[in-house]
Amino acid sequence: MFGQTGTSTTTPPPTDRGLEDLDAAALAYAARIAGLPPERRGEAREDLVRFALPFAGRLARRYRGRGEPLEDLEQVARLGLVNAVDRYDPERGSFTAYAAITIVGEIKRHFRDRTWGVHVPRRLRDLILEVGQATAALTSELSRAPTVAELSARLETPEEEILAALESAAGYSPASLNAPVGGESSAEFGDLVGESDNALESVDDRVTVSGLLHRLPWRERRILAMRFYGNQTQAEIAARFGISQMHVSRLLSRALTWLRQAMLADAPPPWQNGAAEPDPGKTRISVKQNGDSVVVEVGGEIDRDGADQLRRAMLEAVTGQPSEVVVDLVGAGGFDAGGIAALMAGRDAAERTGVPLRLTRVQPAVRRSLTAAGLAPARD
C-alpha cells in the first residue's frame with residue numbers, strides 16, 4: 001500500500017495475506033512498520049487492530065451477564081486491544097498472549113473502577129473479589145456456604161475485614177429509591193426512608209422559652225399567651241385587660257426583648273431591674289363564714305398546683321352542712337383542666353350532702369370554660 005521508503009518495502013495488511021494467526025499478523029505488522037516514520041504507521045496499526053477485533057470481542061463475551069451491557073464490555077476490550085498493539089514488542093514473545101492479558105486486565109479494571117454504585121476503597125474492592133472466589137471454592141469443597149471464620153482462614157485475613165467486604169459487596173449495585181416496594185402497592189423505596197425533622201432543632205429553644213415564660217409577671221405572660229397562642233389581636237387583648245392598645249404593644253415589646261436577652265445569657269436578667277410586680281396569677285383561696293352560708297373566694301389562675309387547694313376548700317365548706325355554699329370567682333383569671341375537675345368534685349360533694357352550691361361573679365372568659373364543662377354559673 002505504501003511505496004518504498006529507503007530499502008524497506010511495505011508489507012500487505014494481514015487481511016490481504018489471509019493470515020489466520022494473530023501472532024503471524026503481529027509479526028507482519030512489526031515488519032511492515034520497521035523503518036517507517038511514526039506519521040506513516042497509522043494505516044498498518046489500523047489494519048492489525050481491525051484484524052484482531054473478533055479476538056477482543058470473544059474475550060469481552062466471556063464477561064457478559066455480570067451486570068454490564070455487552071456493548072460497554074466490547075468497547076473496553078477494544079481499548080485494551082489498541083493498547084496491546086501500541087505496546088507490542090516482537091522480542092518479548094507472543095502477541096496473542098500479551099493482547100489477551102492486556103484486554104482482560106482492562107475489562108477487570110472496568111468492573112473494579114467503573115461499575116460500583118457507591119464509592120468503595122480499592123483495597124476493599126480487591127478483597128471482595130478474593131472473598132467471592134474463596135466462597136465459590138469452599139462451597140464446592142464443603143457442599144455448603146462457608147462461614148466467616150472459614151473464609152478468614154482461607155484468605156488469612158481478619159474476620160472484621162471479611163465482614164466489611166461482605167457488607168460492602170452490596171454497594172456494587174444498590175437498589176434505586178424509585179424502585180417499587182412490591183405487590184400492587186404504588187409506594188417506592190424512597191417513601192420508606194425517613195426525613196430529617198427540622199423541628200428537632202428548635203426543641204432546646206422551646207424548652208428554654210417555656211422555663212423563661214414562668215419568670216415573667218402574670219400580666220405579660222397572659223398577654224404573650226393570648227397573642228401568640230390564642231392568635232388574638234392587640235385590640236382584643238387591650239379590651240380584655242382594660243388598657244390601651246399602645247400599652248399592650250409596649251408590654252409585648254418589653255417581654256419579647258427580655259426573652260431574647262434571657263435566651264442569649266447564661267443567667268436570665270432580672271425583670272424590671274429586679275422589681276417584679278405582684279403576681280395576680282398566683283392561686284388565692286379563702287373560706288369565709290357568712291351567717292349560715294359559706295363563701296369560698298377564688299382568685300388567680302387555678303392550674304394543677306392550685307386545683308388540690310380548691311378541692312380541699314370546697315369539700316371543707318360542704319362538710320359543715322351550711323345552708324349554702326357560694327363560690328366567688330370574681331378574682332379568678334382562668335381554669336385549666338385540673339381546676340375544672342376541682343370545681344366538679346366540689347359540686348358532686350354538695351349534691352351528695354344536699355347542700356346548695358352556687359358559682360357567682362364569674363369573668364366572661366371563665367364563664368365560657370365552666371359552661372362547656374357543664375358547670376352553669378349563676379347570672380349576676
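1. Valine 203 is partly exposed, its relative accessible area being 39%. That value places the residue in the partly exposed class because buried means under 20% and exposed means over 50%. The model under review is a predicted one.

2. Valine 203 lies in helix 9, which covers residues 203-213. Together with Leu200 and Val207, Val203 makes a nonpolar surface patch of about 280 Å².

3. Helix 14 comprises 17 residues, numbered 337-353. At 1.5 Å a residue the helix should span 24 Å, and its end C-alpha atoms are 25 Å apart, so the two values agree.

4. Which residues of helix 14 are buried? They are Gly339, Ile340, Ala342, Leu343, Gly346, Ala349 and Ala350. After helix 14 comes glycine 354, and the phi of this glycine is positive, near 75 degrees.

5. As to the chain as a whole, there are 15 helices and four strands. The chain has 380 residues, of which 34% count as buried. It exposes about 23,000 Å², and carbon and sulfur atoms supply 51% of that area.

6. A last point concerns contacts along the sequence. Taking contacts in the chain between residues at least 6 apart in sequence, 57% join residues that are at least 24 apart.

Definitions and conventions. Residues numbered from 1 in each chain as written. Predicted model: local features only at pLDDT ≥ 70, side-chain atom pairs only at ≥ 80, totals over all residues. Heavy atoms only, no water. Helix = DSSP H or I, 4+ residues; strand = E, 2+ residues; numbered from the N terminus. Expected span 1.5 Å × (residues − 1). Buried < 20%, exposed > 50% of the residue type's maximum accessible area, 1.4 Å probe, protein only. Patch = residues over 30% accessible without salt bridge, like charges linked within 9 Å, V, L, I, M, F, W, Y side chains within 5 Å. Areas by Shrake-Rupley, 256 points an atom, 1.4 Å probe, with all protein chains shown as cover. Salt bridge = Lys/Arg side-chain N within 4 Å of Asp/Glu carboxyl O. Contact = heavy atoms within 4.5 Å.
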